[in-house]
Amino acid sequence: MPNWGGGAKCGACEKTVYHAEEIQCNGRSFHKTCFLCMGCRKALDSTTVAAHESEIYCKTCYGRKYGPKGIGFGQGAGCLSTDTGDHLGLNLQQGSPKPARPSTPTNPSKFAKKIVDVDKCPRCGKSVYAAEKIMGGGKPWHKTCFRCAICGKSLESTNVTDKDGELYCKVCYAKNFGPKGIGFGGLTQVEKKE
């Protein structure tokens, strides 16, 4: 039957789509207002759409429905989510069963223990996170704790020395642990031993 006086039919509502309001995807035409995810109903555009046969989804819903399943197949910020999309009406395709989780004692507190151990600063004993970490003497330090143990001067890679797990500036290290005598440490005379 000929299509009199109009454009193509919308892939979502089956009504006529005129050129001014047309969005094309996967060889089909949609109204701008009908170009929505079939799972969560979010508005889509060319950067967020993922098409599967005659269905269109946002990338999140597409991944939930058609993406790989199981441990280690996380995507983006929601990779640790256990959300299966059931509340959106998505029927997941089940391939092979999920691998069994290792048996570990469960703790009812959600704040009980962090999965990743964080390094501790040798000076203050508090956790050192990546944004504030400076390595010295083979250990992680806070930027504010990366100071000479004697004079308190801030240290850098060019003026730091370490001894017995503690950090020193080169001047304090030389005065306290360096050689003694004429020409060393500012002494002008050799001390006589009695």
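Hi everyone, let's start at Ser29, which, leaving aside its neighbours within four places in sequence, is in contact (heavy atoms within 4.5 Å) with Ala8, Lys9, Cys10, Gly11, Val17, Glu22, Ile23 and Gln24. Before I go on, this is a predicted model, where local features need pLDDT of at least 70, side-chain atom pairs count only at pLDDT 80 or more, and totals for chains, interfaces and linings use all residues. Residues are numbered from 1 along each chain as its sequence is written, and side-chain values use heavy atoms, with hydrogens and water left out.

Back to Ser29, which sits in strand S4, residues 28-31; strands are DSSP runs of E, at least two residues, and helices are runs of H or I, at least four, numbered from the N terminus. Is Ser29 buried or exposed? Ser29 counts as buried because its relative accessibility is 8%; buried means under 20% relative accessible area, exposed over 50%, and partly exposed in between, with a 1.4 Å probe and protein chains only.

Now the largest nonpolar core: it has 14 residues, and those with the most contacts inside it include Cys25, Phe30 and Ile56. Such a core is a set of buried Ala, Val, Leu, Ile, Met, Phe, Trp, Tyr and Cys residues joined through side-chain atoms within 4.5 Å. Strand S6 (55-58) and helix H1 (59-66) each give two or more residues to this core, and S6 has the largest share, 3 residues. Apart from this core lies another, of 11 residues, among them Cys121 and Tyr168.

Last stop, H1: Cys61, Gly63, Lys65 and Tyr66 are buried there, and the buried residues of H1 pack against strand S5 (49-52) and S6. Thanks, everyone!
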